[in-house]
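Subject: Structure handover

Hello,

Here is the structure for you to look at. Please open it first, then read my notes below.

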Amino acid sequence: MAKAASYALPAGRAHVMGILNVTPDSFSDGGRHDEEQAALAHAKTMIAEKADILDIGAESTRPGSDPVSAEDEWARLAPVLEPVCDLGVPVSIDTYKAEIARRACAAGAVIVNDVWGLQRDPLMADTVAEAGVHVVMMHNREKADSAIDIMSDIDRFFETSLQLAHAAGIPEEKQILDPGFGFGKTIDQNFLILNRFKDLKKHGRPVLAGASRKRMIGAVLNVETDDRLYGSMAVHMTALLNGAAIVRAHDVGPHADCVRMLNAIRLEQAPS
């Protein structure tokens with residue numbers, strides 16, 4: 001709990017959240033880091049590449065993936081979580097299950113990254129509040145609908161999430177929003193969100209952009225997931241220029257370089 005109490009998302013510059021999947025079936029890197037030593041080694045690599053946050057997930061949320069029980073999810077996380085937390089970089093737990101969030105925060109996680117924005121598990125908001133951690137509340141839908149106004153849908157979803165967070169007593173300064181690129185959206189809706197990313201700041205919370213290697217990039221470039229670095233960086237740089245506070249990425253080093261360059265451009269000077 002001490003780690004959670006002492007952590008604060010620093011202002012003044014964007015942050016890079018490195019993705020650490022300990023799953024056998026994630027859409028991009030499933031199975032590569034699901035062994036304890038491999039996961040720990042990859043975490044150390046991302047830290048060396050200047051990751052500000054490590055986001056650990058043990059259940060794939062890709063379209064069509066099979067649900068995982070809480071016990072199976074925890075069995076994947078348990079050998080990895082504390083060693084990664086001990087590396088000294090803030091750790092986020094990517095889960096929509098309150099019990100997993102509770103255990104992960106007890107092990108040292110300081111952010112809960114909920115892909116259902118506190119709206120799937122009725123215990124999640126209270127669990128986050130009791131742990132005293134930050135929360136990423138992501139917009140999601142069961143399926144895409146090309147007929148809807150996606151920005152209005154996101155606004156309504158966020159208002160519900162923010163109400164849940166407020167009712168549970170999660171401080172505003174610990175709340176982060178995420179429009180959820182690729183989750184229950186058509187490819188065109190993803191690009192619309194990116195073009196209007198600045199509008200998301202009206203909710204008064206930091207906004208995370210997570211488009212790394214996603215289908216919206218493959219649709220334009222016609223490349224497989226491992227070849228989507230440049231497309232990912234283009235999307236994330238656009239989001240950063242329009243106010244993103246965090247980018248969530250598989251390829252930490254190149255994104256960290258982009259963020260450092262953007263900070264220098266904004267300051268109109270190289271860092272001392």
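Start with Gln 189, which lies in helix α7, residues 187–195. Helices are DSSP runs (H or I, at least four residues), numbered from the N terminus. This is a predicted model: local features need pLDDT of at least 70, side-chain atom pairs count only at pLDDT 80 or more, and totals for chains, interfaces and linings use all residues. Residues are numbered from 1 along each chain as its sequence is written, and side-chain values use heavy atoms, leaving out hydrogens and water.

Is Gln 189 buried or exposed? Gln 189 is buried, at a relative accessible area of 6%. Buried means under 20% (1.4 Å probe, protein chains only).

Which residues does Gln 189 touch? Leaving aside residues up to four places away in sequence, they are Asp 145, Ser 146, Ile 148, Ile 150 and Gly 184. Contact means heavy atoms within 4.5 Å. Take Ile 148: it is 41 residues from Gln 189 in sequence, and 9.5 Å away in space, C-alpha to C-alpha.

A cavity is a set of points on a 1 Å grid over the protein atoms alone, where a 1.4 Å probe fits but cannot get out; lining residues have an atom within 4 Å of a point.

The lining of the largest cavity includes Met 233, His 236 and Val 259. Helix α9 gives the most, with 4 residues.

Best wishes

Note on methods
Helix = DSSP H or I, 4+ residues; strand = E, 2+ residues; numbered from the N terminus. Buried < 20%, exposed > 50% of the residue type's maximum accessible area, 1.4 Å probe, protein only. 1 Å grid on protein atoms, 1.4 Å probe; cavity = no way out; pocket = protein on both sides within 12 Å on 5 of 7 lines; lining within 4 Å.
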